[in-house]
Amino acid sequence: MKSLPAIALGLMLAATPFASHAHDHATGVVKERMDTMKAMSDAMKALRPLMDQPQIDAAKALPLAEKVRDLSGKTLSLFPAGSDGGTSEALPDVWRKPDDFADAARNSTTQAVALVEAIKAGDSAASLKAFARTAKTCKDCHGDFKKAD
């Protein structure tokens, strides 16, 4: 079963926006969204090794999963019209295909909610699956709506 966390980590790392030169020059909502995405990435990276445990330590995992859930819920508000260009790493499709982007953002939050609930239930297998699904939503959204690193 440890292969699933390894796959999830690979998916997460492929989608992770690593700190870049653009972050140094970002301001306003662009900086806020870059910081938010970095915070979600950091929480997912911290969660990853906890998913390997036979019994997930909810005291450690739950606050991290709740952070991912709460931050993912802010995603749509971080991409207002006119916040493209400049240092933004978002592709124009965020604004050209707003319904698709909204669906991707809501899916991420839905999966993060499922992760929180699985951890709360103490179900390690369900937590592992929910973690992998959450990581996949990051990868999928970044693949469609973020400039390549």
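Which residues are buried in α6? Point 3 takes this up.

1. This is a predicted model, in which local features need pLDDT of at least 70, side-chain atom pairs count only at pLDDT 80 or more, and totals for chains, interfaces and linings use all residues. Residues are numbered from 1 along each chain as its sequence is written, and side-chain values use heavy atoms, with hydrogens and water left out.

2. The protein has seven helices and zero strands. Helices (H or I, at least four residues) and strands (E, at least two) are DSSP runs, numbered from the N terminus. Of the 149 residues, 42% are buried. Buried means under 20% relative accessible area, with a 1.4 Å probe and protein chains only.

3. Helix α6 covers residues 98–121 and has 24 residues. Its buried residues are F101, A102, A104, A105, S108, T109, Q111, A112, L115, V116, A118 and I119. Their cover includes α3, α4, α5 and α7. After α6 comes G122, with a positive phi near 75°.

4. The largest nonpolar core has 18 residues. Such a core is a set of buried Ala, Val, Leu, Ile, Met, Phe, Trp, Tyr and Cys residues joined through side-chain atoms within 4.5 Å. L47, M51, A61, L115 and I119 have the most contacts inside this core. Two or more of its residues come from each of α3, α4, α6 and α7. Another core, of 12 residues, lies apart from it; A39, M40, F79 and C141 are among them.

5. Look at L115. Leaving out residues up to four places away in sequence, L115 touches L47, A65, S127, A130, F131 and T134. Contact means heavy atoms within 4.5 Å.

Key. Buried means under 20% relative accessible area, exposed over 50%, partly exposed in between (1.4 Å probe, protein chains only). The expected span of a helix is 1.5 Å times one less than its number of residues.
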